[in-house]
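Trainee: I would like to take one close look at a single part of this model, and I would be grateful for a connected account of how that part sits within the rest.

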Amino acid sequence: MKRFKKFIFTVIAVLALTSLSSCNYNSLVEKQQQVDQSWAQVENQYQRRADLIPNLVNTVKGYSSHEEETLVKVTEARAKATSITLQADDLTEENLARYQQAQNELSSALKSLLAVSEAYPDLKANESFMNLQTQLEGTENRIATERKRYTESVQTYNTAIKKFPTVIYAGWFGFKEKPQFKAEAGAEKAPEVKF
């Protein structure tokens with residue numbers, strides 16, 4: 001009788017543990033899928049920005065023959081940014097840092113291009129340029145929103161795989177920590193405003 005009780009207890013414990021791990025496994029799969037979907041949206045918005053750039057460059061070219069260096073920098077930065085593709089399965093600290101660096105270089109080149117427009121009043125007044133500039137600003141806002149969503153889904157996922165008892169078997173099933181975006185170098189320092 002004592003052996004039978006021990007056997008029943010063992011069976012119940014194994015069933016409970018299996019049930020618990022199965023539910024947690026499914027939950028981790030859902031969280032991982034959310035991270036992957038969030039990453040896809042980040043890439044989608046960066047691609048939207050990259051798609052706007054050729055039209056913006058061509059519009060500026062039409063008004064500014066003296067800004068060839070700026071236009072070349074923007075075109076090169078776009079080519080570099082679009083050449084780095086990163087699948088959700090390849091998200092590591094190093095890969096994300098490379099991807100983010102290329103995107104930051106493109107952002108910097110775009111700022112230079114938009115600053116050039118200040119020297120050309122006809123360009124600033126051009127309806128096509130104004131429309132592209134508005135679309136670019138909207139896309140930058142969308143990028144920020146999608147990066148925030150990605151960051152939130154990664155935080156939820158990373159927390160889930162580190163909680164007990166999930167931490168015990170998360171590694172067995174290949175659930176690894178996902179990287180976060182890092183602030184740009186120098187972002188911690190407020191810009192100096194002079195009048």
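Is Tyr25 buried, partly exposed or exposed, judged by its relative accessibility?

Mentor: The model is a predicted one, and Tyr25 counts as partly exposed in it, because its relative accessibility is 31%, which lies between the limits of 20% for buried and 50% for exposed. Its ring forms a pair with the ring of Phe173, the two centres being 4.9 Å apart and the planes standing at 65°, so this pair is edge-to-face. Since Tyr25 belongs to helix H1 and Phe173 to the segment after helix H6 (166–170), the pair ties together parts that lie 148 residues apart in sequence. Phe173 is also partly exposed, because its relative accessibility is 47%. The structure holds eight aromatic pairs, and ring pairs also link Trp39, Tyr46, Tyr99, Tyr150 and Phe181 into a cluster. Over the ring of Phe181 sits the charged end of Arg147, at 3.9 Å from the ring centre.

The protein chain has six helices and zero strands, and its pattern along the sequence reads α-α-α-α-α-α. Of its 195 residues, 33% are buried. Among the contacts between residues at least 6 apart in sequence, 79% join residues at least 24 apart, and the pair of Tyr25 and Phe173, with parts 148 residues apart in sequence, ties the chain together across such a separation. The accessible surface comes to about 12,700 Å², and carbon and sulfur atoms account for 55% of it.

The chain has a mean pLDDT of 83, with 84% of its residues at 70 or more. Helix H5 has the highest confidence, at a mean of 92, whereas helix H4 (residues 121–125) has the lowest, at a mean of 76.

Further along helix H1 comes Val35, which counts as buried because its relative accessible area is 0%. Setting aside neighbours within four places in sequence, Val35 is in contact with Tyr150, Ser153, Val154, Tyr157 and Lys178. The C-alpha atoms of Val35 and Lys178 are separated by 8.4 Å, although the two residues are 143 apart along the chain. Tyr157 and Glu30 are 127 residues apart in sequence, and their C-alpha atoms are 9.0 Å apart in space.

Helix H1 also holds Gln45, which counts as buried because its relative accessibility is 9%. Apart from neighbours within four places in sequence, Gln45 is in contact with Thr139, Arg142, Ile143 and Glu146.

The largest nonpolar core has 40 residues, and those that touch the most other members are Trp39, Leu56, Val74, Leu96, Leu110, Leu113 and Tyr150. Two or more residues of this core come from each of helix H1 (2–63), helix H2 (68–83), helix H3 (93–116) and helix H5 (127–162), and H1 gives the most, with ten residues. Trp39 and Tyr150, both named among those core residues, are also members of the aromatic cluster. Leu113 touches Leu56, Val57, Val60, Thr70, Leu71 and Val74, when residues up to four places away in sequence are not counted.

Phe129 is placed in helix H5, and it is buried, because its relative accessible area is 0%. The C-alpha atoms of Phe129 and Asn55 are separated by 8.7 Å, while the residues are 74 apart along the chain.

Pro165 is found in the loop between H5 and H6, and the peptide bond that joins Phe164 and Pro165 is cis, with omega at about 5°. Phe173, the ring partner of Tyr25, is in the segment after helix H6, so the description returns to the pair with which it began.

Terms used. Residues are numbered from 1 along each chain as its sequence is written. This is a predicted model: local features need pLDDT of at least 70, side-chain atom pairs count only at pLDDT 80 or more; totals for chains, interfaces and linings use all residues. Side-chain values use heavy atoms; hydrogens and water are left out. A nonpolar core is a set of buried Ala, Val, Leu, Ile, Met, Phe, Trp, Tyr and Cys residues joined through side-chain atoms within 4.5 Å. Buried means under 20% relative accessible area, exposed over 50%, partly exposed in between (1.4 Å probe, protein chains only). Helices (H or I, at least four residues) and strands (E, at least two) are DSSP runs, numbered from the N terminus. Contact means heavy atoms within 4.5 Å. pLDDT is the predictor's confidence in each residue, from 0 to 100. Rings of Phe, Tyr and Trp (its six-membered ring) pair if their centres lie within 6.5 Å; planes under 30 degrees apart count as stacked, over 60 as edge-to-face and the rest as tilted. A charge sits over a ring if NZ of Lys or CZ of Arg is within 6 Å of the ring centre and within 35 degrees of the ring normal. Accessible areas come from the Shrake-Rupley method with a 1.4 Å probe; for residues, only the protein chains shown count as cover.
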